[in-house]
Amino acid sequence: MTGTPSPAPSPALPDLSFLDHPELLPAFVEENRPRATGAGLDPHEYTRVTAPLRSLHEWPAACRAAGRRHLAAADRAAAQGRTVSAGEAYRVAARWFHVAGLLPHPDRSAAAEAAAEADEAMRRALAHLDPAAERVEGGSFAGWLRRPTGVAHPPVVLVVPGMDSGKEEFHAVAEALLARGTAVLALDGPGQGVLAATSAPEPDYHRVVGRVIDALTTHGGVDTDRVGVIGLSLGGYYAVTAAAHEPRIRATAVVSGPYRLDWDALVPFVTATLTQRCGTPEEARAFAARVDLTGLAPAVAGPLLVVEGGEDRIPGVTNADVLADRAPHAELLLVPHGNHLLGNALADWLPAAADWLTARLGTPSAR
């Protein structure tokens, strides 16, 4: 998954949709605070945006309004030739537009617009901050390829998002890898980010990753014989699936990934999101049943790093720490105080994970 879902409603409550339970608003806001700040949003601004909310239904509009404020500031800076300020403001706008789409909100057209706004704001950010960044896309994926400065033919790491996430969220991961001499492709796959409105989640994500690697061979300046993958939340399941099937992957890292899902125990946020993105409750149940690494874990032949937070406990989700025992060449990095995605503990895992990946891909950890 991605994001820490709010607790399930009491059985005594009426059978309402996830968004219609008013008592879930404070929990949702607080449980997503580490995720938002881990994605690079200012915690004080997060409070200012979320404090006035009276209902979860108001979340998307409030977050999009915050994104538009930063977009306007970026446009002003760009008009004045202040390149860095413009790029940074466009990037913050992209983060807010992405956060606007976290909920399984019934207005899917607005969600699609927010995803498109995030995508466009990120394009503008990179145009100012990293003009060499390239769009890489196909029928089932879209992403941005970025290369480290001063490194010829670097390896490349694919950053794979989760259930309700997208390529605009994990800037810190990308920057940590770039700083260590590794190219990065942050991508949206089926049912994710800018593709969420037009496609359903794909349990056979290794096929997507295979097409991504094929596409990278046509983009110069990266070494497609040294490919790594880091998957976050449900993206961790996708990453392991890819590592088990795709021999071109040299190293894999999983952050807060699920080992398996139990549909009947999942909280409403997760079931509502999967139902919306898969299309029907039946398709969502079928997808959840496929999220099971029991048979795939022994097939991961390459090195595997499993990053887990000790405070990450989502009902219905078996955490991927089991994977560390069952994959042949796995290591576990446990952060006892870390929550889901460990946005509250970046310093305790991100540098180590970035060093681990770059070392196994043959790039010096320091330049």
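This is a predicted model: local features need pLDDT of at least 70, side-chain atom pairs count only at pLDDT 80 or more; totals for chains, interfaces and linings use all residues.
**Entry 1: the end of H7**

H7 is followed by Gly181, and the phi of Gly181 is positive, near 90°. I then went back over helix H7 itself, which covers residues 171-179. Its buried residues are His171, Val173, Ala174, Ala176, Leu177 and Leu178.

**Entry 2: Thr252**

I located Thr252 in strand E6, which runs over residues 249-255. Is Thr252 buried or exposed? Its relative accessibility is 1%, so Thr252 counts as buried, because buried means under 20%. I next asked which residues Thr252 touches, not counting residues up to four places away in sequence. They are Val229, Ala239, Ala243, Pro303, Leu304, Leu305, Trp356 and Leu357.

**Entry 3: H5 against H6**

Two packed helices are described by the angle between their axes and the distance between the axes. I looked up both values for helix H5 (residues 83-100) and helix H6 (residues 108-129). Their axes come within 7 Å and cross at roughly 160°. Angles over 145 degrees count as roughly antiparallel, so H5 is roughly antiparallel to H6. I also noted that the crossing of H5 past H6 is left-handed.

I then listed residues that make the contact. On the H5 side they include Thr83, Val84, Glu88, Tyr90, Arg91, Phe97 and His98. On the H6 side they include Ala114, Glu117, Met122, Arg124, His128 and Leu129. How do the residues of this contact divide, and how many are nonpolar? I recorded 13 nonpolar, 4 polar and 4 charged residues for the contact of H5 with H6.

Notes. Residues are numbered from 1 along each chain as its sequence is written. Side-chain values use heavy atoms; hydrogens and water are left out. Buried means under 20% relative accessible area, exposed over 50%, partly exposed in between (1.4 Å probe, protein chains only). Helices (H or I, at least four residues) and strands (E, at least two) are DSSP runs, numbered from the N terminus. Contact means heavy atoms within 4.5 Å. Axes are lines fitted to C-alpha atoms, for helices over the stretch in contact, and angles run from 0 to 180 degrees between N-to-C directions. Angles under 35 degrees count as roughly parallel, over 145 as roughly antiparallel, 65 to 115 as roughly perpendicular and the rest as oblique. A crossing is left-handed if the near helix is turned anticlockwise from the far one by less than a right angle, and right-handed if clockwise. Ala, Val, Leu, Ile, Met, Phe, Trp, Tyr, Cys and Pro count as nonpolar, Asp, Glu, Lys and Arg as charged, and the others, Gly among them, as polar.
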